[in-house]
Amino acid sequence: MTTPVDTHIESILRDMTADAKGAPQLWRRALRSTTDASKRTLWSSFMHNLLHRPLPTAAMLIIAFSATIAAIGVSMPSLSRSRAIPTDKRAQINSMTVGDSAFRHDEGLYNLLIENDESGKFVGQAKRTPREFVSPSTTDTPDAAVDLSYSLDSYAGGSIHDEQHQNTLAGRGRRATPSDGTADSSAHSHPTGLPGSTPPTGERHVIRRATIEIKTTDVRGAFLKAQHLLETGHGEYVQDSSIRGEVEDARAEMTLRVAAGRLSAVLNALRELGDVQTEYMTGEDVTMQIVDLEARLRNEQRVEAEVLKLLETRQDAPLEEVLKLRQSLGEIRTRIEQMLGQREQLGRLVSLSTILVLIRAGDPPPVEADSLWTAFCDSMSSAWRNGVAFLGDVIAAIVRVLIGGLVFWIALIAVIFAIRRRVLRNAAK
Amino acid sequence: MDAPSDETLLKRFVDGRNAALGELARRYEPPMLGLARGLLRGNDDLARDAIQETWVRVIRFAHTFNGNAGLKTWLYRIAINQCRDLAAMHKKHAASDLADESSHESASNDKPEHSAIGRERSEQIRIAIDTLDDAKREILLLCYHEGLTHKEAAGALELPVGTLKSRLHAALNALREQLDREAI
């Protein structure tokens with residue numbers, strides 16, 4: 001049984017839920033919005049969220065973009081710092097070349113030539129059993145086949161220049177006759193090219209230049225010892241020298257002129273002064289120059305002799321002819337003197353090899369291990385620096401992507417705004 | 001010629017005939033819209049959004065309707081769920097939006113009991129209804145909605161009829177108590 005209140009309540013409730021007036025239109029809008037539902041499922045959901053839930057959608061987009069950019073930044077190779085690879089080729093070469101035993105302990109001569117190619121790459125490495133070094137300087141000994149053997153332990157490519165090896169293979173070399181059984185004191189005695197001397201056929205004249213870099217804790221001591229290696233009796237001398245710095249910074253340089261026959265011995269002695277860092281040798285073959293000079297010299301001397309003879313036999317010749325002959329004789333003599341001078345200079349260069357000695361201080365004694373706290377601080381400091389550097393790189397990459405793709409970003413934003421405007425317009429309709 | 005059943009119309013729509021959907025809308029959109037207004041405390045805009053979203057779901061999932069419950073029940077169930085979602089989302093705005101006097105006006109304002117009891121009493125009842133919790137309020141509106149029987153309301157709420165009636169009884173008691181308190 002209903003009370004008046006219940007009836008009134010019922011009436012109010014029915015009023016609150018009474019049918020809406022007007023023709024139904026909402027179904028049309030729904031139908032329109034769901035047209036092409038299969039195509040727009042994901043897209044319409046995204047746009048719906050973008051329009052009605054901007055904050056979560058924006059947050060999602062920002063997170064996605066940030067993650068992508070961070071991934072790009074990490075993967076970009078230019079981000080990583082390129083490290084200079086130590087390219088001390090000489091040190092590398094030296095560390096790969098013959099070990100101590102071959103350099104220091106074996107007696108006899110040792111001749112090793114390693115050169116860099118034009119690109120600076122290590123071109124060759126040869127490890128030989130030391131053999132007698134044959135001075136290429138001329139001697140009076142008869143021609144003899146040079147007994148040299150080489151064992152090539154490793155070959156890094158390029159070419160190995162060994163003048164002596166080539167000489168051996170190409171033809172005859174010459175063995176100097178040592179006075180004490182070793183070739184160190186080979187008969188490189190006199191420089192070739194003395195006036196009137198005629199070098200034997202097949203003789204090679206090579207100007208040798210060597211460079212050796214030594215590392216030692218006592219630079220000054222090594223500097224003095226190197227100077228005392230020379231034997232003035234052989235015409236050896238110090239062409240120039242310098243020393244500077246103190247203790248750890250000490251560096252010394254000197255240019256030694258040593259007899260060609262003693263080149264290997266001096267080099268061996270220099271190696272004993274410290275740790276050899278680099279060493280190389282070059283040889284300039286001036287044989288043809290000398291041969292040519294001597295040939296021209298002989299020719300001029302012959303002409304001079306003929307002119308002198310002519311002068312002696314034609315004393316009654318007209319004065320004019322005599323004067324002409326004397327003038328010619330003078331010119332010939334001038335040329336002879338010039339050629340003799342050149343020959344002598346070449347001879348000196350051949351007879352006295354050049355060694356450039358570089359001495360520098362060795363590495364300081366190892367520092368005691370840092371305490372744990374110091375090591376920790378160093379690690380943190382390094383990590384901080386690396387982290388900041390990486391952050392800078394990432395930010396730089398982000399800036400690069402943003403600025404580099406600015407045109408595309410603008411186009412993308414324009415497209416998004418156009419689509420959004422169209423969607424809103426459709427929703428309003 | 002008998003009018004086609006709701007299920008027939010839906011099937012025709014699934015087959016591609018949009019006019020069938022229009023017929024369904026002619027039948028059910030006005031009462032659903034009225035119910036949505038009541039459930040959303042008179043907010044007409046929210047009610048329209050809720051019913052439009054209801055039709056969107058009907059269009060998308062029409063092919064999944066299996067006929068276990070009547071189409072009417074199915075439609076109202078979707079509408080009620082949409083109203084709940086929107087009410088939850090706009091709870092603050094729905095509470096601050098006082099019931100629009102015009103939206104609660106009866107379709108027939110010339111009922112003698114309204115003029116007899118007075119607008120003040122009607123307003124008290126409306127306020128008391130609005131102060132009820134959502135569940136009780138929903139039960140009351142559904143059960144007294146002219147478009148639904150108790151059985152259909154129970155189907156829309158997915159409740160047994162007995163449960164629906166007991167909850168209705170509890171909601172009415174709560175409303176009466178509220179009115180008594182206000183009278184005091």
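Predicted model: local features only at pLDDT ≥ 70, side-chain atom pairs only at ≥ 80, totals over all residues.
Local features require pLDDT of at least 70 and side-chain atom pairs pLDDT 80 or more, while totals for chains, interfaces and linings use all residues. Residues are numbered from 1 along each chain as written, chains are lettered from A, and side-chain values use heavy atoms, without hydrogens and water.

Q: What describes the packing of α1(B) and α2(B)?
A: Helix α1 (residues 6-14) and helix α2 (residues 18-39) of chain B pack at about 145°, with axes 7 Å apart. Axes are lines fitted to C-alpha atoms over the stretch in contact, and angles run from 0 to 180 degrees between N-to-C directions. Helices are DSSP runs of H or I with at least four residues, strands runs of E with at least two.

Q: What makes up the contact of α1(B) with α2(B), by class?
A: The contact has 7 nonpolar, 1 polar and 4 charged residues. Ala, Val, Leu, Ile, Met, Phe, Trp, Tyr, Cys and Pro count as nonpolar, Asp, Glu, Lys and Arg as charged, and the others as polar.

Q: Why is one side of β2 and of β4 of chain A left without a neighbour in the sheet?
A: The open sheet has the order β2-β3-β5-β1-β4 (chain A), with mixed pairing. β2 (237-244) and β4 (275-285) stand at the edges with a single partner strand each, so one side of each has no neighbour in the sheet.

Q: How do you know that β1(A) and β4(A) pair?
A: Pairing requires at least two DSSP bridges; 10 bridges join β1 (residues 206-216) of chain A to β4(A), and the two run antiparallel. Therefore β1(A) and β4(A) count as paired.
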